[in-house]
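Opening the notebook on a new model today. I want to look up its pockets, surface patches and charge pairs.

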Amino acid sequence: MSFIGNILWMIFGGFISGMGYILGGLLICLTIVGIPIGVQAIKLGFGTMAPFGKEIVATEKAAEPGSVILNILWAVLFGWEVALSHLVHGLILFITIIGIPFAKQHFKLIPLALAPFGRELK
């Protein structure tokens with residue numbers, strides 16, 4: 001089921017959403033200071049392209065002070081807009097019965113969009 005869900009996700013907006021993360025991450029990586037943030041955005045992009053069958057897993061780096069500071073910086077600068085986008089898309093998809101599985105994936109991506117450092121989508 002996750003394979004079919006991921007294929008449908010890619011066709012109906014997942015590819016565009018993932019490419020937005022990846023292109024944004026590449027642009028942020030052009031600055032030397034933004035490389036850690038850009039790398040996380042690129043990882044989010046690949047995770048966003050195929051979220052079915054994956055769970056958010058906290059790594060051992062989640063509690064490190066660097067990850068906490070970068071998560072706060074990320075949430076203030078980028079994360080709240082991305083999380084709001086996932087929330088709005090999820091609410092729109094939740095209106096129809098067919099869209100409910102896709103809405104659940106958007107809702108699953110909200111915590112990752114708010115605080116990606118120290119977390120992975122596996």
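Predicted model: local features only at pLDDT ≥ 70, side-chain atom pairs only at ≥ 80, totals over all residues.

I sorted the lining of the largest pocket by class and got 13 nonpolar residues, 11 polar ones and no charged ones.

Which residues lie nearest the centre of the largest pocket? I find S17, Y21, S85, H86 and H89 there, out of 24 lining residues. The elements that each put two or more residues into that lining are α1 (2-29), α3 and α4 (100-114). Helix α1 has the largest share, with 11 residues. For the volume of the largest pocket I noted about 500 Å³. A reminder on the approach: rolling a probe the size of a water molecule over the atoms shows where empty space is left.

**Nonpolar patch**

Next I went over the surface. I found a nonpolar patch of about 630 Å², made by W80, L84, L87, V88, L91, I92 and L114. Which helix gives the most to this patch? That is α3, residues 65-93, with 6 residues. I picked out I92, one of the patch members, and placed it in α3. I92 comes out at 53% relative accessibility, so I log it as exposed, the cut-off being over 50%.

**Charge pairs**

How many salt bridges does the count come to? I get 1. The partners are K122 and E120, and their closest N and O atoms are 3.5 Å apart. That is inside the 4 Å limit, so the pair counts as a salt bridge. In general, side chains of opposite charge can pair when their charged atoms come close.

Are the two partners exposed or partly exposed? K122 has a relative accessible area of 58%, so I put it down as exposed.

**One more residue, F12**

I also looked up F12, which is in helix α1. Is F12 buried or exposed? Its relative accessibility is 68%, so F12 goes down as exposed. Then I took a distance from F12 to V82: their C-alpha atoms are separated by 18 Å, and the two residues are 70 apart along the chain.

**Recap**

Notes. Residues numbered from 1 in each chain as written. Heavy atoms only, no water. Patch = residues over 30% accessible without salt bridge, like charges linked within 9 Å, V, L, I, M, F, W, Y side chains within 5 Å. Areas by Shrake-Rupley, 256 points an atom, 1.4 Å probe, with all protein chains shown as cover. Salt bridge = Lys/Arg side-chain N within 4 Å of Asp/Glu carboxyl O. Helix = DSSP H or I, 4+ residues; strand = E, 2+ residues; numbered from the N terminus. Buried < 20%, exposed > 50% of the residue type's maximum accessible area, 1.4 Å probe, protein only. 1 Å grid on protein atoms, 1.4 Å probe; cavity = no way out; pocket = protein on both sides within 12 Å on 5 of 7 lines; lining within 4 Å. Points joined across faces, edges and corners; volume = space filled by probe spheres on them. Nonpolar A, V, L, I, M, F, W, Y, C, P; charged D, E, K, R; others polar.
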